Each structure stands twice: as C-alpha cells, then as structure tokens.
Amino acid sequence: MPGSFHVQRLLAWYRANARDLPWRRTADPWAILVSEVVLQQTRVEQAIPYFERLLARFPTPQTLAAAPLEELLRIWQGLGYYRRAENLWRAAREIAEKGFPWTFDGLRQLPGLGPYTAAAVAAFAFGEPVPAIDGNVRRVLSRYFALERSSPKKLFDLARPLVAAEPAEMNQALIELGATLCTPRRPACEACPLRVGCRGRADPGRYPARRGRRVREWRLTALVLRGRRGPVLEARPQGPWAGLYGPPMDEDEGRLLARFGLGPDDARFLGEVRHGLSHRRVRVRVYLARTDRDGEDPAARPLSALARKVLALAEEVPGEP
Ligand code: SF4
C-alpha cells in the first residue's frame, strides 16, 4: 500500500527530468490558476502561448475582472471549451471582490474549479497536502496499485499520504510521470522510477479498466449570409460556443433558412464541414446566400474554430452567390 510507494525515487526522477514549463517557474497563485484552466483538455504545447498571452494581458485577477468577457474570449479563441474562459472570468471577479481563496476547500467554491484544479492550485501555490488527480495521475495510481476500478474518493484517499511530505513536487511528479512515461499506450516501464513495486507493470493496459465511450454525432446547418461589409454573425447564446460569434446555425435546416426569409432554392449549398468536440463529432452543412444587411468584419469578433472553418469554406466562393 502507500508505504511501499517509492516517493523518493519518483521525486529524484522528477527533479532530474521535469520539463521546463512556464507555470512551473512561478508560485503566483493567479498564474497557476490560469495555467490549470488553460491546460484542461489541452495539450501542453498548445497551452503555452495562450498562457503567456493571457498573463501578459491579465497579470492579476483584478485586471481580468475589470475587462469585458469578450476581450478574454478574443484571446481564448482557437483554444476551445469556451465555458472555461467564462468560468475563469467569473472566478476573477469573485477573487477581485473577496480575495484569493488559499485552501483546497475555498478554491472549490470558485466557478468551474473541479477537485483536480482546486487541488493543483492549493498544492502548487500554497503547499497544501492534497492530491491533484487528473487522467494521468489516475492512470499511474491505477497501474501501480493494480486497480481496475476505483472511485475518485478512493484514489484521493490513496494518494493523499503520498503527496503529504512534498505536496507541490509530488503532485507535479505524478502528473509528469503519467504524461511522459506511464502513457496510455506503451508505457516506458524500463525507464520508470516506480518499476520496482508497480503491481500493474506486467499488464499495464489492464489498468484502469476502460470505460466505453460512445462518440455522438451532432448535425447542424450553417448559413453564411454575405452582407455589404462581411458575413452576418451572431453570438451563440448557449452550448459549447456560448459567447462566441459565428454565422447563424441551427439543427433544423428549414427553420434556419426560413428565419432569414429564404426557401430551399435561395441559398447555395457549399458542402460539409466536420469538427471534433470532446464527446461529439459535429457535421455542419454550409449554405451561402446574399443579404441586404450590413454584415461585419469577422476579425473584430471572437470566433469559434468551427465558425472559422465555415467562413473559410464560403470564402472559397468568389463574388456574388
Ligand atoms: S512501471 Fe510502467 S505501469 Fe508501472 S507506473 Fe511505471 S510506467 Fe506505469
């Protein structure tokens, strides 16, 4: 059990091999919070430039709290999962008003902070001995202790004593091990500091047992309406792109065209755009039509990646539709 876990070996390995990442060079809780929110569902290489741009513009929670959400979304565009941005903005406003919560329990009260992010900030910035269990750490622990299934609470209780002595570094070390050696496919057990003692090493692919995940398909129609100054753009009121702009879209093609007084023959079908979300594949049928409205310059609005793809397809069609 935890007593057999080779904490010192893992720490020594981490100190010798840790990747030099910008958020590891700071103990500023705000910078760490921003990094953790950016890193949710995002690869490290993709996260770095966003992290740097966000902190350059919003070096404190107060600076973000004073800015409109749209300004944050403009920097965030291309990163996806825009709900994170909105939550970060709301968290900044709460911090500006009440001060930075400096405990795990306090951090959990902030909008959008789940147990992983709250524990990561509490451990990295304040040294609180709580385990930050993301997918990487879950995999490492499940393999090390040969657990096919385990509840979040069980893993949390199991990991808590492991990080007790060096909360910041041990949490980082577990995350790093999962990200670089104990990877989902072909873990590098020969190079692993935990290989002695790892009960799952003989068959790492068994742990943790995979949960079946069905990827659903979501069909939409988009209408690019060319106006005098550019396409007509709408802010999405809800869903995965809430707060971002794009051409009008609807699940119901007829309803979308009718909303702009168009019949099936009044708009030109351009083709289909495909887009991947975390649990859904999106297929969008794209139509093009002309309008007397002004429209606007897309560069002036925060756009979703999907909206860009749709507009790019329409741009391939020159002149009047
Ligand atoms: S020995 Fe292999 S399976 Fe066990 S923790 Fe290390 S990399 Fe993962």
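Visitor: Which residues are around the ligand in this structure?

Guide: In this predicted model, the residues around the ligand are Arg143, Cys182, Pro187, Cys189, Cys192, Arg195, Cys198, Arg201 and Pro204. Each is counted because one of its heavy atoms lies within 4 Å of the ligand.

Visitor: What makes the shell around the ligand divide into nonpolar and charged residues as it does?

Guide: Cys and Pro count as nonpolar and Arg as charged. The shell therefore divides into six nonpolar, no polar and three charged residues.

Visitor: Where does the ligand sit?

Guide: The ligand sits in the largest cavity, which holds about 140 Å³ of space. The term "sits in" applies because more than half of the ligand's atoms lie within 2 Å of the cavity's grid points.

Visitor: Why is this space called a cavity?

Guide: The structure holds one cavity of 30 Å³ or more. The word is used because a 1.4 Å probe fits there but cannot get out.

Visitor: What lines the largest cavity?

Guide: Of its 16 lining residues, the closest to the centre are Arg143, Cys182, Cys189, Cys192 and Cys198. Helix α9 (residues 135–144) provides the largest share of the lining, three residues. By class, the lining has twelve nonpolar, one polar and three charged residues.

Visitor: Which residues is Ala173 in contact with, leaving aside neighbours within four places in sequence?

Guide: Ala173 is then in contact with Leu10, Trp13 and Tyr14.

Terms used
Residues are numbered from 1 along each chain as its sequence is written. This is a predicted model: local features need pLDDT of at least 70, side-chain atom pairs count only at pLDDT 80 or more; totals for chains, interfaces and linings use all residues. Side-chain values use heavy atoms; hydrogens and water are left out. On a 1 Å grid over the protein atoms alone, a cavity is a set of points where a 1.4 Å probe fits but cannot get out, and a pocket is an open set with protein on both sides within 12 Å along at least five of seven lines; lining residues have an atom within 4 Å of a point. Grid points are joined across faces, edges and corners, and a volume is the space filled by probe spheres set on the points. Helices (H or I, at least four residues) and strands (E, at least two) are DSSP runs, numbered from the N terminus. Contact means heavy atoms within 4.5 Å.
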